[in-house]
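Trainee: Could you take a close look at the aromatic rings in this one for me? I'd like to know who sits against whom.

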Amino acid sequence: MARQGRCSASLVVLASTLLVITISLHFTTTQAANFTVGDASGWTFNTQSWADGKKFKAGDILIFNYDPSLHDVATVDASSYDGCATSPSSAVYTSGKDTVKLKKGQNYFICSIPSHCDWGLKLSVNASS
């Protein structure tokens with residue numbers, strides 16, 4: 001009978017260990033990454049190439065740091081991105097420390113302050129699943 005107790009206890013420890021490993025792997029693979037747009041320079045002119053070479057996934061977070069008296073961040077569709085204009089469905093952020101969760105596929109951002117997008121304050125990011 002003593003052997004059964006030790007064996008059962010060993011199985012409980014093994015099962016618990018496997019459960020902890022499985023949960024840890026799940027959180028490691030599903031945890032979103034945070035990216036600061038423009039790195040130390042922040043959200044400013046000529047950030048279009050900032051995303052080059054970076055790998056983004058749906059659920060990752062973009063952090064937009066900027067002076068809110070000079071810029072804003074608007075999420076737009078492809079047409080609005082190309083035309084440097086917002087639409088009624090565009091979300092516009094104005095805090096200067098905005099976070100936006102990426103959705104699967106292409107994500108488009110512009111500054112909606114007149115002429116800023118035309119001068120290069122825009123960003124397109126593709127997020128895989």
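Mentor: Searching the whole structure turns up six aromatic pairs, where a pair means rings of Phe, Tyr or Trp (its six-membered ring) with centres within 6.5 Å; planes under 30 degrees apart count as stacked, over 60 as edge-to-face and the rest as tilted. One of them is W43 with F64, an edge-to-face pair at 5.1 Å centre to centre and 90° between the planes. That pair links distant parts of the chain, 21 residues apart: W43 lies in the loop between β1 (34-36) and β2 (56-57), while F64 belongs to strand β3 (residues 61-65). Strands here are DSSP E runs of at least two residues, numbered from the N terminus. W43 and F64 are both buried, that is, under 20% relative accessible area with a 1.4 Å probe, protein chains only.

Keep in mind that this is a predicted model: local features need pLDDT of at least 70, side-chain atom pairs count only at pLDDT 80 or more, and totals for chains, interfaces and linings use all residues. Residues are numbered from 1 along each chain as its sequence is written, and side-chain values use heavy atoms, leaving out hydrogens and water.

Back to the rings: F35, W50 and F56 make up one aromatic cluster.

Key. Helix = DSSP H or I, 4+ residues; strand = E, 2+ residues; numbered from the N terminus. Buried < 20%, exposed > 50% of the residue type's maximum accessible area, 1.4 Å probe, protein only.
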